[in-house]
Amino acid sequence: MMRRTGAVSAFLLSLSCAACASYPGFGPHGFSIDSPYAPPADAAALGDFLVARYAAMTNDPREAASRYAASIDTAPESTGIAERAVFSALLSGDYQQAVRLAEKAHGAGNFGTLVRLTLGIEAFSEGKDSISAAYLAEDGFGPFNRTVARGISAWRILGTDGADAAEAYLQETLTGDPRLDSATLYMMGLIQLSAHSDADALATFETLWESGARLAIGLDAHARLLAAKGDRARALSLLNTFHDEIGENSALESLRKDIQARRDIHVTRLTPRQGAALAVYVPAAALITRTDDDVASVYFVLALALDPDLHEARTLWAQSLEKAGREPEAIGVLADIPETSPYYSPARGQIAWALLRLGREDEAVQVARQALAQAPDRGLQVQLAEIYRAQTRYREADRLLTQIIEDDALNGREDWRLLFSRGATRHALDDWEGAEADLKQALQIQPHSPLVLNYLGYAYVDQGIHLEEGLSLIRTALTYDPDSGFITDSLGWAYYRLGRYELAVYFLEKAVELEPGDPTLNDHLGDAYWRSDRKLEAKYQWERSLKLEPAEQVRARIEVKLLKGPDAPAVVQAESDAPLPHRP
């Protein structure tokens, strides 16, 4: 934050220096009071707005919120400034400031969507039903905020008019396609559960599951209901399927262990305020998967204002902050998750990763080890193993991954992700025989994983072995993930190793279009250009790769290529040649 604040301070200084510049006839201190060229009345607002915009662009939401707030005072009629002010306050994690700014803007006649949403949530929290209803009326909201407002309103109606009215309100918005209605149907199922309409809730959750919807919070409620009604086998089946398809979730893993141990399972029946928090959280959880910035954090802050104990929102809020390079703030958010929460262990793992990205490697390992010593947790063991891998401490990673895999085997469990990770680790240790065995086993368990298909195929191609099989694996991976720049690069590199440079250039160019910021992909394209006698373009790609900060070993190799070109590739002839794709 110091660097960002410093950048804003420098910008403020430049503005103040510009404002104090001496002009002929205006005196040494700028505009004179009697000057006919005095600044317009809205100059102050414009200055604050410019500084706020600069603060926002340099990722300093606190300064942006402060400056936008000043702009509201001098230009209260501007809805755009009010929206930016509230957005920046929420982005900085300051819900109370966002409420104050929204109230100020609304008092000046501004009715922006984020202003209304914030005030609607605040009124809901204070039990002001009619005021909340007015703010959250769906007219004027865009699609995303309309979904959020609708969910909150359903829980408000539950508290005032009952479950039937809340369900009828949600029914009006359904399209009939569970895939499109999933967020609304989850809210409906949770409302039915809250009202003790268990049969209706179970039917709703089953409809969602069969549609392919996978939401951890929804499955938690679904599995608890099944187990409480005696169908533990079905509950465990759903939890195991979620783990295989989506991955580890601490709350669901804890529930799975409780069901297996035949402990009493309690059905969670939400209060209207807890449900409203989930109505904000669920769309935000979907949003974070579609953005590469911290925009979703705005909604996690709103969700936590409604339910401060929604710890899963804290973990995703931190993840959103990390996307914007705000690791110190992410660490602060995660530190508030208590040891009693099922999200404590994964939160410690997230803190360790954030420290690692900040270059504090020893602290990262220490945090993860301390958390493991306090409460042994499989998920945290996996995170620590991945931290070792990120630090190239492959032997420690291999030992820990082997321990987890062996413990899983004792419990009748087999996780393809761990086998893949150990396979990649053993590949880095030059144990190709062990690596290949793990990768093949992972592929046997999960034959449709583009990650495993691509890795194994690329490993074959890069070593010049099993070329035909490697090509087939990579092509299959690309059918499952056609927009992956890395898989596309693998296919291009396979053709490069085969000496089919025209095809190599075709796919490698496409890979760089998909992932322009990756140094390896740009390096590969440079090699293909060189072999295609496009030497000027090759040098351009290598120079671009150097600017993208490759690993030191890669950097040294590229610098040699810039002097004398790449070594001749070990060309291997495949059993069959693919035609050049049609270029649009």
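Trainee: Is tyrosine 299 buried or exposed?

Mentor: Tyrosine 299 counts as buried, at 9% relative accessibility. Buried means under 20% relative accessible area, exposed over 50%, and partly exposed in between, with a 1.4 Å probe and protein chains only. Keep in mind that this is a predicted model, where local features need pLDDT of at least 70 and side-chain atom pairs count only at pLDDT 80 or more, while totals for chains, interfaces and linings use all residues. Residues are numbered from 1 along each chain as its sequence is written, and side-chain values use heavy atoms, with hydrogens and water left out.

Trainee: How many aromatic pairs does the structure hold?

Mentor: There are 9 aromatic pairs. Rings of Phe, Tyr and Trp (its six-membered ring) pair if their centres lie within 6.5 Å; planes under 30 degrees apart count as stacked, over 60 as edge-to-face and the rest as tilted. Phenylalanine 144 and tyrosine 299 have ring centres 4.9 Å apart and planes at 70°, so they are edge-to-face.

Trainee: Which helices do phenylalanine 144 and tyrosine 299 lie in?

Mentor: Phenylalanine 144 is in H8 (residues 143–161) and tyrosine 299 in H16 (residues 297–306), so the pair ties together parts that are 155 residues apart in sequence. Helices here are DSSP runs (H or I, at least four residues), numbered from the N terminus. Phenylalanine 144 is partly exposed, at 26% relative accessibility.

Trainee: Switching topic, which residues form one aromatic cluster?

Mentor: Trp493, Tyr496 and Tyr501 do. Trp493 and Tyr496 are also among the buried residues of H27.

Trainee: And how many residues of H27 are buried?

Mentor: 12 of its 13, so H27 is mostly covered.

Trainee: Last topic: where is aspartate 533 found?

Mentor: Aspartate 533 is in the loop between H29 and helix H30 (535–547). Aspartate 533 has a positive phi of about 65° although it is not a glycine, and at 60% relative accessibility it counts as exposed.

Trainee: What about phi of glutamate 549?

Mentor: Phi of glutamate 549 is near 60°, also a positive value in a residue other than glycine. Glutamate 549 sits in the loop between H30 and H31 and is exposed, with a relative accessible area of 67%. Most residues other than glycine have a negative phi.

Note on methods:
Helices (H or I, at least four residues) and strands (E, at least two) are DSSP runs, numbered from the N terminus.
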